Amino acid sequence: MAFTLESARHYAGEAVRRGRLAHAYLVTGPAGSGKESLAGELVRQLNGGVGESLDALSSGLVRVVRPSSKSRLVTVQQVRELERTLRVQAPRGKTKVAVLVEAERLGEGAANAFLKTLEEPPPQSLLLLLTEAPEQLLDTIRSRCLQVSLQSREIQRSEEEQEMVALLAGHFQEGRDSVAGALRLLRRVSQLLDGVRAEIQKQADSQLEAEKATYQKTTEGDWLKRREETWKALAASSYLRERTRLFDLFLGWFADAVRQQVGVSIGLEFPEQAAVSAALAGRYSLQELMEKMEAVEALREQLQSNAQETLSLEAGFLKIFG
């Protein structure tokens, strides 16, 4: 279940006061959900300090790492510098904090190096990984962190998100689940995903062409091949992130139905669709709704692997909506 930023701050403060912080947290959520704000709040509660931004809290005990190389990756060198910060002796009552912003940008070598730190965290240390795309992290990294998911604070949804909400609303208004209904919804969602993929690829191709026009005559060797591979990887990464964001809406629908079933009508993910989620709450038992949420989570995990997307979606949709 995703937390609001305010509730996440409350629980984090309680954990600090009771001395029950885990050694590593994976803070996830869409852009604007407050991941850096939560990290900054933890730093202030542990070590004090002033400054609204996370970077303003950097010190000898606090290191904030962001992607900085030309390929927009966190490098091995940055991880080594982070490790040096964690090895220093912290004054009594203080905590060494390492924050990885856009943690999904860990390069392969950097990820493996950071994994060693996660496996054997230094004393008096806290590791915070912030990301919109946790599925792009190594399973071994995710499994060693306690995940905190933040809700979106954005009122305005993207066109693709609005279309997905409309597709789900239409499906739920049609009545009880059926195989035909699940496959019909799958076709429409697949068309939406194809459009998202095509738009991302179009933007990546445009950026690559712009680079060619600017730099091709001044570079040598395999520069073009490396840049093509870089933009291909970035396009794939962006698509996975957008797909995850769209599928997060599935959980929101069933969570709204659960809230309505237990009599909570405030804080709905889709307040404009309250009548639809109320009908959904009346159509299924609490156990059935929880099972559907578990099926959504299983589909997300399946898609995070190297499984074939089309087959995974068909099996998942039949279980969730069939």
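How many helices and strands does the secondary structure of the chain come to? Here are some notes to go with the model.

1. To start with the question: the chain has eleven helices and five strands. Do keep in mind that this is a predicted model.

2. Along the principal axes, the C-alpha atoms fill a box of roughly 60 × 60 × 30 Å.

3. Of the 322 residues, 45% are buried. If you look at contacts between residues at least 6 apart in sequence, 74% of them join residues at least 24 apart.

4. Now for the inside. The largest nonpolar core holds 45 residues, and those touching the most other members are Met164, Phe247, Phe254, Phe317 and Phe321. Helices H6 (159-173), H7 (179-215), H8 (223-261), H9 (274-283), H10 (286-304) and H11 (309-321) each give two or more residues to this core. H8 supplies the largest share, with 14 residues.

5. Apart from neighbours within four places in sequence, Phe247 is in contact with Met164, Val189, Leu193, Val296, Leu299, Leu303 and Leu313.

6. There is also a second, separate core of 24 residues, with Val43, Val64, Leu126 and Leu128 among them. As background, nonpolar side chains tend to be buried together in soluble globular proteins.

7. Finally, the surface and the charges. The chain exposes about 17000 Å², and carbon and sulfur atoms supply 50% of that area. There are 42 positive and 44 negative charges, and their mean positions lie 5 Å apart.

Technical notes: Residues numbered from 1 in each chain as written. Predicted model: local features only at pLDDT ≥ 70, side-chain atom pairs only at ≥ 80, totals over all residues. Heavy atoms only, no water. Helix = DSSP H or I, 4+ residues; strand = E, 2+ residues; numbered from the N terminus. Buried < 20%, exposed > 50% of the residue type's maximum accessible area, 1.4 Å probe, protein only. Contact = heavy atoms within 4.5 Å. Areas by Shrake-Rupley, 256 points an atom, 1.4 Å probe, with all protein chains shown as cover. Lys, Arg positive; Asp, Glu negative; His and termini not counted. Charge placed at Lys NZ, Arg CZ, Asp CG, Glu CD. Core = buried A, V, L, I, M, F, W, Y, C linked by side-chain atoms within 4.5 Å.
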